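Q: Please take a close look at one helix and its surroundings. Which of its residues are buried, and what does the helix pack against?

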Amino acid sequence: MRKLIGILFLIAFLFSSCSSSDDDNSGNNSSEINPPDWIQGTWLLESPNPASGYRFTNDDFCLIVISQQTCFKESISQTNNSGATTNVNEETTDNSYSIEITLGTQIVTYEFSKISSTEIEWVNDPLGDLAETIYVKE
């Protein structure tokens with residue numbers, strides 16, 4: 001239940017407006033999402049009631065909360081269309097993937113560690129000190 005609350009909190013944070021900025025951030029840096037092959041697929045919490053997790057494709061990163069999916073590719077497109085700055089920074093190794101997405105004044109960061117070909121851990125889970133957050137590949 002704590003994991004679900006954490007995920008819901010992050011989605012609420014993603015879609016809420018935090019502050020405005022007077023900085024001149026003209027132009028978009030890279031706003032493409034390119035997850036590595038090893039993480040592509042659908043990953044759900046070990047106890048999928050309700051189903052919550054992530055889906056990675058070759059060009060998108062989606063949050064799954066209570067079987068509903070919200071994808072960052074669409075959020076980036078909407079933010080770009082509004083004239084706000086977007087940026088995607090990714091770091092990839094054979095066993096880790098991190099992504100930082102800037103949507104206007106909001107920045108969200110996710111870090112994942114590969115445990116096996118069928119399990120990943122959400123490393124920077126805000127509840128991570130309480131328990132590991134392991135996702136299983138569907």
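A: The buried residues of helix H2 are Phe 72, Ser 75, Ile 76 and Thr 79, where buried means under 20% relative accessible area, exposed over 50% and partly exposed in between (1.4 Å probe, protein chains only). Seen down the axis of H2, these buried residues fall within an arc of 100°, so they line one face of the helix; the arc is that of the directions from the helix axis to the C-beta atoms. In general, an α-helix has 3.6 residues a turn, so residues three or four places apart point the same way. After H2 comes Gly 83, whose phi is positive, near 90°.

This is a predicted model, in which local features need pLDDT of at least 70 and side-chain atom pairs count only at pLDDT 80 or more, while totals for chains, interfaces and linings use all residues. Residues are numbered from 1 along each chain as its sequence is written, and side-chain values use heavy atoms, with hydrogens and water left out. Helices (H or I, at least four residues) and strands (E, at least two) are DSSP runs, numbered from the N terminus.

H2 packs on a sheet, touching E3, E4, E5, strand E6 (96–103) and E7; contact means heavy atoms within 4.5 Å. The direction of H2 makes about 25° with that of E6, with axes taken as lines fitted to C-alpha atoms, for helices over the stretch in contact, and angles running from 0 to 180 degrees between N-to-C directions. The sheet is open and has nine strands in the order E4-E3-E2-E1-E9-E8-E7-E6-E5, with antiparallel pairing; two strands pair if DSSP finds at least two bridges between them. Strands E4 (68–71) and E5 (86–92) stand at the edges with a single partner strand each, so one side of each is left without a neighbour in the sheet.

Rings of Phe, Tyr and Trp (its six-membered ring) pair if their centres lie within 6.5 Å, and planes under 30 degrees apart count as stacked, over 60 as edge-to-face and the rest as tilted. The structure holds 15 aromatic pairs. In one of them, Phe 72 and Tyr 110 have ring centres 6.2 Å apart and planes at 65°, so the pair is edge-to-face. Phe 72 lies in H2 (residues 72–81) and Tyr 110 in strand E7 (residues 106–116), so the pair ties together parts that are 38 residues apart in sequence. The rings of Tyr 110 and Phe 112, with centres 6.4 Å apart and planes at 5°, are stacked.
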